[in-house]
Amino acid sequence: MTVQHIDVIRPAELSPTDLKLWGELRASTAPEANPFMSPEFCQAIGRVRQGARVAVVRQDGEPVCFFPFERGRWGRGRAIGLGVSDSQGAVLRPGVVVDPYELLRASSLSVWEFNHLESGQDLFLPFATGRFASPVIDLTGGYADYETLLRAGSRTFLKTTRAQERRLARQAGPLRFVFDERSPAVLRTLMAWKSAQYRRTGRRDRFAQDWINNLVRMLATTQTPSCSGLLSVLYAGERPVAAHFGLRSRTVLSCWFPAYDRDFATFSPGRVLYLHMIEAAAAAGIGMLDLGRGDAAYKDSLKTRELTVHEGAVLRAGAGAAVHWLSHEPPRAVRGFVRERPQLKAAALRTLAMVGRMRDRTPSP
């Protein structure tokens, strides 16, 4: 008779055997192994978030499922790294059946919320309330094949970006691209650019939160096959003009924090950076760039296909579930209503831009 037992531990308490099995399960069940689903990302979150936990389901004594999550007050749970993680779910051995409600009960959760649940997560897909496109760039045929597709689908984008690249070099000095930059100073510059971008566009500044700052700095020094921090930089002369920090596995580069120096905005340095980054990723054996959920013109131009990610929540009886429903479901319904109506969506974006301009005019305390 098969017997299951669930242990709930801190990420730092995962044994070397647990880490090895997690990696093997992920590699065998997900050919597009997003680094956000790696044990290293989970452990990094565990060092900056007190509520981080992992439920390890053992079947006849052997781990068959790893379920990373964060636990808050009143049993309110959320996906590990929710707010910065672009791929969420459990790592489960094929053929193993786990009861999601029993998983939450053993984890002392009355709700588990997700917003980037990957497709194929059959354990949680029945609880999804929304689905979203996550554009990706397929590089399995190499960069030359990708550029052929780009010319066919976004010829104007490629032509204008190359022209901007030449203009930038003439105006600012010889261009130099570094795929894997190790400079902490340049990482700090990128974070400052991104922070200013969030404020300018009326969005919440992620880098105003200490745990995100600490997480990015920590992951910048992480170098493992399933999760490595990757800082890519475009220089004009000796000055960085655009940069991107993301996470990579053997097969996937998950795009995370791109930004550029506003002094060079007229040259589209971010687009120039992306073309160099895509070419370098293909040369490094990376088969896919995940551009992440969210609308952006450059994503539409660069993508070759789309993945689907889901949002929703698993709820069981408890105060946390009631609080979750009251605080999330009505706003979620409103967001869905707006998203499905282009005029309302455009008005919402204009409002965000206005908030950003007001922030810029507000003196600092």
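Q: Let's take the hairpin of β2 and β3: which residue there takes a positive phi?

A: Keep in mind that this is a predicted model. In this hairpin 2 residues sit between the strands, and Asp60 has a positive phi near 55°.

Q: How do β2 and β3 pair up, and what is the bridge partner of Val57?

A: The two strands run antiparallel, with 8 bridges joining β2 to β3 (residues 62-71). Val57 has Cys65 in β3 as its bridge partner.

Q: Which residue in β2 does Val8 stand opposite?

A: That takes us to β1 (residues 4-9), which is joined to β2 by 6 bridges, again antiparallel. Val8 stands opposite Ala55 there.

Q: How many residues of β2 are buried?

A: Count those under 20% relative accessible area. For β2 that gives 7 of the 8 residues, so the strand is largely enclosed by the rest of the structure.

Q: Which residues touch the most other members of the largest nonpolar core?

A: The general idea: in soluble globular proteins, nonpolar side chains tend to be buried together. Here the largest nonpolar core has 43 residues, and those touching the most other members are Phe41, Phe66, Leu215, Leu219, Phe245 and Trp256. Elements giving two or more residues to this core include α1 (16-29), β2 (52-59), α6 (210-220) and β11 (239-248).

Q: What does Phe245 touch, leaving out residues up to four places away in sequence?

A: Its contacts include Leu187, Leu190, Val216, Leu219, Trp256 and Phe257.

Q: And what share of the chain is buried?

A: Buried residues make up 50% of the 365.

Conventions:
Residues numbered from 1 in each chain as written. Predicted model: local features only at pLDDT ≥ 70, side-chain atom pairs only at ≥ 80, totals over all residues. Heavy atoms only, no water. Core = buried A, V, L, I, M, F, W, Y, C linked by side-chain atoms within 4.5 Å. Buried < 20%, exposed > 50% of the residue type's maximum accessible area, 1.4 Å probe, protein only. Helix = DSSP H or I, 4+ residues; strand = E, 2+ residues; numbered from the N terminus. Contact = heavy atoms within 4.5 Å. Pairing = 2+ DSSP bridges.
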